[in-house]
Amino acid sequence: MSHSSAVSSFFRGVRVVTLDATNTLIQTKGSVGELYASAARCHGIAGAEASLLNREFASSWKATWQEHPNFGREQSMTPFAWWQMIVYRTFEAAGCAGGKEGMERTFAQLYEEFSRGDAWVKFDDVHQSLDELTERGIRLAVVSNFHSSLRTILSDLQLDHYFEEILMSGDLDYCKPDKRIFEHALRGLNVSDIHTAVHIGDDMEKDVRACQLVGMRAVHIDRKLPAGHRASVADGVLTVSSLKDVAQCLAACERNV
């Protein structure tokens, strides 16, 4: 099969599309380090350098997720307590100082901002692409390793109305890459034919390989690819640089039916 044929036929028969949230639909408004540094300055925290906070946040996130996966659900942690652990670890590792009261106020501000649309922005192609998918009768849902604030974020960004279901791991006893989260989503959507379902996400393990375990087709979205990148299919995975590519591939598939 030629490159163009493989791409244009990828969505043949698809009626349901599930999507990851972070780095697929939305991203932080600036780097995490920049947002943390900005909040810290408001509350007298010294030494808050964005690049260093970025680095330490990545380390703190990884360590906390390993110790308390899925926002500490098994340990009965609240999202508030889980995020507080990450934020405090991040600032401590970055050598920031400002006292207990300053840290408490900094965290309270950050938790509030990240729980709403204030700290987030949708990618430029999202509205038009989701409009095109829904106009073609595609049913949409979100499957994300997130907690309950995702509903508020998507609502604030005027995206929630596109989705029949917004499924968040923080409400469940499992998270991606556990295939059960996709099985849960498909049951909720009453999908009887797995071959009609596609998942789109940016993580090869948590999105692509995990959804394939239940028989879904997988789209890997890599927004770091250069402009003009051609959508391609390899090993059964469609790789795209944007949701606009997805809408175009679906339109090409319909033209070739």
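Reader: How far is the sulfur of C42 from the closest cysteine sulfur, and in which residue does that sulfur lie?

Author: A disulfide is a covalent bond between the sulfur atoms of two cysteines. The criterion applied is a pair of cysteine sulfur atoms within 2.5 Å. The closest cysteine sulfur to that of C42 is in C96, 14 Å away, which is too far for a bond. For C175 the closest is the sulfur of C211, at 16 Å, again too far for a bond. Over the whole structure, the search finds zero disulfides.

This is a predicted model, in which local features need pLDDT of at least 70 and side-chain atom pairs count only at pLDDT 80 or more, while totals for chains, interfaces and linings use all residues. Residues are numbered from 1 along each chain as its sequence is written, and side-chain values use heavy atoms, with hydrogens and water left out.

Reader: Are C42 and C175 buried or exposed?

Author: Buried means under 20% relative accessible area, exposed over 50%, and partly exposed in between (1.4 Å probe, protein chains only). C42 is exposed, at 55%, whereas C175 is buried, at 14%.

Reader: Where is H220 found, and which residues does H220 touch?

Author: Helices (H or I, at least four residues) and strands (E, at least two) are DSSP runs, numbered from the N terminus. H220 is found in strand β7, residues 217-221, and is buried at 11% relative accessibility. Contact means heavy atoms within 4.5 Å. Leaving aside residues up to four places away in sequence, H220 touches G201, D202, D203, M204, V208, V237, L238, T239 and V240.

Reader: Which peptide bond is cis, and where does P177 lie?

Author: Most residues other than glycine have a negative phi, and most peptide bonds are trans. Here the bond from K176 to P177 is cis, with omega near 15°. P177 lies in the loop between β5 (165-168) and α9 (180-188).

Reader: What is the phi of N190, and what is that of D235?

Author: Phi of N190 is near 55°, a positive value in a residue other than glycine. N190 lies in the loop between α9 and β6 (197-201) and is exposed at 66% relative accessibility. Phi of D235 is likewise positive, near 55°. D235 is placed in the loop between β8 (232-234) and β9 (237-240), and is exposed at 73%.

Reader: How many residues does the largest nonpolar core have?

Author: In soluble globular proteins, nonpolar side chains tend to be buried together. A nonpolar core is a set of buried Ala, Val, Leu, Ile, Met, Phe, Trp, Tyr and Cys residues joined through side-chain atoms within 4.5 Å. The largest has 65 residues, and those with the most contacts inside it are F11, Y36, F91 and F163. Helix α2 (residues 32-42) gives the largest share of this core, six residues. A second, separate core has 20 residues, including Y174, L189, V214 and M216.

Reader: Which residues are closest to the centre of the largest pocket?

Author: Rolling a probe the size of a water molecule over the atoms shows where empty space is left. On a 1 Å grid over the protein atoms alone, a pocket is an open set of points where a 1.4 Å probe fits, with protein on both sides within 12 Å along at least five of seven lines; lining residues have an atom within 4 Å of a point. Of the 37 lining residues, T22, N23, F57, W61 and D202 are the closest to the centre. The largest share of the lining, four residues, comes from α6.
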